[in-house]
Amino acid sequence: MVTGRVSTGIKGLDALTGGGYPEDSVVVISGTPGTGKTIMGMQFLYEGARKGEMGIYVSFEQEKKDILRQAGQFGWDFADLEKKNLIRVFSMWPTSFDEVIAKIFKCLYYKPKRLVVDSITSITYTMRDNREAFHKMAEKLKDTNLTAILISEMLSGKEGFTRDGISEFVADGLILLRSVEAAGEQKNLLRIEKLRSAKINKDSHAYQVTGNGIEFTSPPPVR
Ligand SMILES: Nc1ncnc2c1ncn2[C@@H]1O[C@H](COP(=O)(O)OP(=O)(O)O)[C@@H](O)[C@H]1O
Ligand SMILES: [Mg+2]
């Protein structure tokens, strides 16, 4: 069976993933602070909005006005897209896990095709039984008719792909963003660690945050 693809908004990444994220999947994007996770999430929703696909951004980290302002820096007019019902931005304070989940699922009333949760690290702090609760949430999301990106904070220099240590096992896909120093310069590297129904290699690809969002420094070969 050929799985449908949902374009990522990043040209090179579409090429690397066989056309985008698998439709209706849950993908974790994990990276150290400042690697562009939030921008990558916004870019994913903006790409959807361009195609008429409704997207929801749930943030536990930033106030709504800051999210709109940050998107605006890339020419992505989220306020206008909200008026057109193509994007909705929600900012929440992480309380109890049950409450957070209830709130996220309440947002699905808008019937989005794309969802970004920024970040799951903030909400996993509130989980008592992390593994089971997270599993439940991911399974529930997989049952919905949308593609979800869960952003996860990674601690630099620490073991493990995600700080919560769970999402990497539960998700259909895992993308890692790192910042490394090479020849006295910082550079960002993206690696696809796993992705359901896609043939991937685990090469690292250099990328930059530019005025257009995330862009690969040299486009990966199309396979
Ligand atoms: N308008 C911009 N042009 C170029 N780079 C930017 C711009 N805005 C932010 N950045 C870069 O993007 C990074 C922040 O991205 P963000 O998605 O907020 O990171 P994260 O969510 O991973 O902490 C910063 O390190 C900054 O250098
Ligand atoms: Mg962020």
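**Figure 1. The largest nonpolar core of the predicted model.** This core has 34 residues, in a model that is predicted. L13, Y21, M40, Y57, F78, I175 and L190 are the residues with the most contacts inside the core. Helix α2, residues 37-50, supplies six residues, the largest share of this core. Apart from this core lies another one, of 31 residues, whose members include V28, I101, L115 and I123.

**Figure 2. Surroundings of L13.** L13 is among the residues with the most contacts inside the largest nonpolar core. Leaving aside residues up to four places away in sequence, L13 touches T8, Y21, M40, I175, L190, I192 and F216. Of these neighbours, Y21, M40, I175 and L190 are also listed with L13 for the most contacts inside the core.

**Figure 3. The nine-stranded sheet.** The sheet is open, its pairing is mixed, and its strands follow the order β5-β4-β6-β7-β3-β8-β9-β10-β11. From one strand to the next, the twist averages 25 degrees. At the edges stand β5 (87-91) and β11 (213-216); each has a single partner strand, so one side of each is left without a neighbour in the sheet.

**Figure 4. Strand β6 and its two partners.** Strand β6 covers residues 114-118. Five of its five residues are buried, so β6 is largely enclosed by the rest of the structure. Both faces of the strand are covered, with R114, V116 and D118 buried on one side and L115 and V117 buried on the other. L115 is also one of the residues of the 31-residue core. Strands β4 and β6 run parallel and are joined by five bridges; here V58 stands opposite V117 in β6. Strand β7 (residues 147-153) also runs parallel to β6, again with five bridges, and D118 stands opposite I151 in β7.

**Figure 5. Helices α3 and α5 across the sheet.** Helix α3 (residues 64-72) lies across β4 (55-59) and β5, and runs at about 135 degrees to β5. Helix α5 (residues 97-107) lies across β4, β5 and β6, and runs at about 160 degrees to β4.

Figure 6. Strand β10 (residues 204-210) pairs with β11 in the antiparallel sense, over four bridges. Within this pair, Q208 stands opposite E215 in β11. Strand β11 has a single partner strand, so one side of β11 is left without a neighbour in the sheet.

Methods
Residues are numbered from 1 along each chain as its sequence is written. Chains are lettered from A and ligands numbered from 1 in the order in which they are written. This is a predicted model: local features need pLDDT of at least 70, side-chain atom pairs count only at pLDDT 80 or more; totals for chains, interfaces and linings use all residues. Side-chain values use heavy atoms; hydrogens and water are left out. A nonpolar core is a set of buried Ala, Val, Leu, Ile, Met, Phe, Trp, Tyr and Cys residues joined through side-chain atoms within 4.5 Å. Buried means under 20% relative accessible area, exposed over 50%, partly exposed in between (1.4 Å probe, protein chains only). Helices (H or I, at least four residues) and strands (E, at least two) are DSSP runs, numbered from the N terminus. Contact means heavy atoms within 4.5 Å. Two strands pair if DSSP finds at least two bridges between them. Axes are lines fitted to C-alpha atoms, for helices over the stretch in contact, and angles run from 0 to 180 degrees between N-to-C directions.
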